[in-house]
Amino acid sequence: MRFICMECGCEASGSGQALYRCECGGLLDTVLDDRGLDADRLKRLFDVRLSERNTPLSGGVWRYKELIHPELPMDSIVTKNEGNTGLYEHADLREYAGTRRLWLKAQSENPSGSFKDNGMTVAVSHGLWLGYSRFACTSTGNTSSSMAMYAALAGAEAVVYLPDQGVSLSKVLQTEAYGAQLVRIEGGYDAGIRYLEEHAEAMRLYVCNSLNPLRIEGQKSIAFELAHQLDWRMPDWIVLPGGALSNAAAMGKGLDELKRIGLIASVPRIAIVQAEGAAPFHRMLLNRESSLRPVDQPATIASALHIGNPPNWPKALRYAIERARGVTVSVSDRDILEAKARIDRSGIGCEPASAAALAGLRRLVADGTIHPEETAACLLTGHLLKDPEAIALSLSLWKDSKQTVQPAPRPLEPD
Ligand SMILES: *Cc1c(COP(=O)(O)O)cnc(C)c1O
Ligand SMILES: [Zn+2]
């Protein structure tokens, strides 16, 4: 696997060593060697693996190993058959969004309850291959749950640097339940990232945050599985929430590779939805600025979007905006909760951050960016049960909006 710096273009080398950034500070990107990859042969291979059982290659990430981490030895793989998630349509949600067709790709159905598993299985497997036995991250909750789960599965240690702001209690409990050691840090997610970048190597910790390029490689599988489920015919738009912007970068990169290999005919456009109180990337593009100005005090109900300084913005810019002709939009917490109530009532369900995708799609249709005759897929990134407090909020909002007072039910007489 080759790692190229996105800033200076030089190749970072260091087999057997974790690589996160170039010496110049730039993000590292991997380059897929697509020589010898034939679209028809790959399609047949991926189809065959759909019917296999109990091999890492039957899961929704490693099924696409040739496009993710070709040289990783099979015995380094730690997997819970992540991916393999549902793709749903629902008439109410389609009407709400306003597009001709709408699919919801439920990454919430992953084993730890969020799309982080798609990338984490690859990062932890790669770290084990390099010889690490301690894994670390900072997290608003889902990254740490996922990392702690895979570390436990591999019999390795997990250390989580926990921000004292913007994390969800139930996600922290999930992380602790998988046996991770929690270290409190002052400040938010952004402070945690800074701390790990400085100190991880000295403690021989393998960093599993999304500045680790292997996370992005794994998350590309969401694009691959979506394309596979749609028989390699993509919708016009893919809409996803943006926090650290790893998901957006991975989606753009995955689509770019699918197109390059000839697995899809054209690259769908990407729409990145940020929460109004944590929308530095949206603001950067809106103001046509050339670099990102962090938001000092991010504020949103969507804990997974509680990020003021998204580390992956250069990658999202290259892959989601430039290569996938992407757009950005921001939505209010109220929009998010309203969309969440709709998604929950459709029987699909999600946590608030995921609902931002639907809220953003609705806004983009309303403002004419997306045409009603176009088709779209929203990525649902996290599970309904991830954030119980938000359920209560969105339910009360939903009931208020209906403005109906339900009479108290009379107890039934047994007869
Ligand atoms: C991590 C996460 C996001 C944000 O994804 P990024 O890659 O950080 O932009 C959105 N929703 C959920 C549920 C998440 O866990
Ligand atoms: Zn560099």
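Tutor: Two strands pair if DSSP finds at least two bridges between them. Strands are DSSP runs of E of at least two residues, numbered from the N terminus. This is a predicted model, in which local features need pLDDT of at least 70, side-chain atom pairs count only at pLDDT 80 or more, and totals for chains, interfaces and linings use all residues. Residues are numbered from 1 along each chain as its sequence is written, chains are lettered from A and ligands numbered from 1 in the order written, and side-chain values use heavy atoms, without hydrogens and water.

Student: How do you know that β5 and β13 pair?

Tutor: Strand β13 (residues 375–380) and β5 share six bridges in the parallel sense. The definition asks for at least two bridges, so the two strands pair. L104 has C378 as its bridge partner in β13.

Student: What makes β4 and β5 a pair?

Tutor: Strand β4 (residues 87–88) is joined to β5 by two bridges, in the antiparallel sense. At least two are required, so this counts as pairing. Y88 is opposite L104 of β5.

Student: Why is β5 called largely enclosed?

Tutor: Five of the six residues of strand β5 (residues 101–106) are buried, so the rest of the structure largely encloses it. Buried means under 20% relative accessible area, exposed over 50%, and partly exposed in between (1.4 Å probe, protein chains only).

Student: Which atoms are the protein donors of the zinc ion (ligand 2)?

Tutor: The SG atoms of C5, C8, C22 and C24 lie 2.2 to 2.3 Å from the zinc ion.

Student: Why is the site of the zinc ion (ligand 2) called tetrahedral?

Tutor: The angles among its four donor atoms are 102 to 122°.

Student: Is C8 buried, exposed or partly exposed, and which class does C22 fall in?

Tutor: C8 has a relative accessible area of 43%, so it is partly exposed. C22, at 11%, is buried.

Student: What makes the contact between N142 and ligand 1 a polar one?

Tutor: A polar side-chain atom of N142 is 2.7 Å from an oxygen atom of ligand 1. A polar contact is a pair of N or O atoms within 3.5 Å, so this pair counts. The protein covers 97% of the 380 Å² of accessible area that ligand 1 has on its own.

Terms used
Helix = DSSP H or I, 4+ residues; strand = E, 2+ residues; numbered from the N terminus. Donors = N, O, S within 2.8 Å, 3.2 Å for Na, K, Ca; no water. Tetrahedral: all angles 85-135°; square planar, octahedral: opposite > 155°, others 65-115°. Polar contact = N/O pair within 3.5 Å; in protein donor to acceptor, adjacent residues only side chain to side chain. Areas by Shrake-Rupley, 256 points an atom, 1.4 Å probe, with all protein chains shown as cover.
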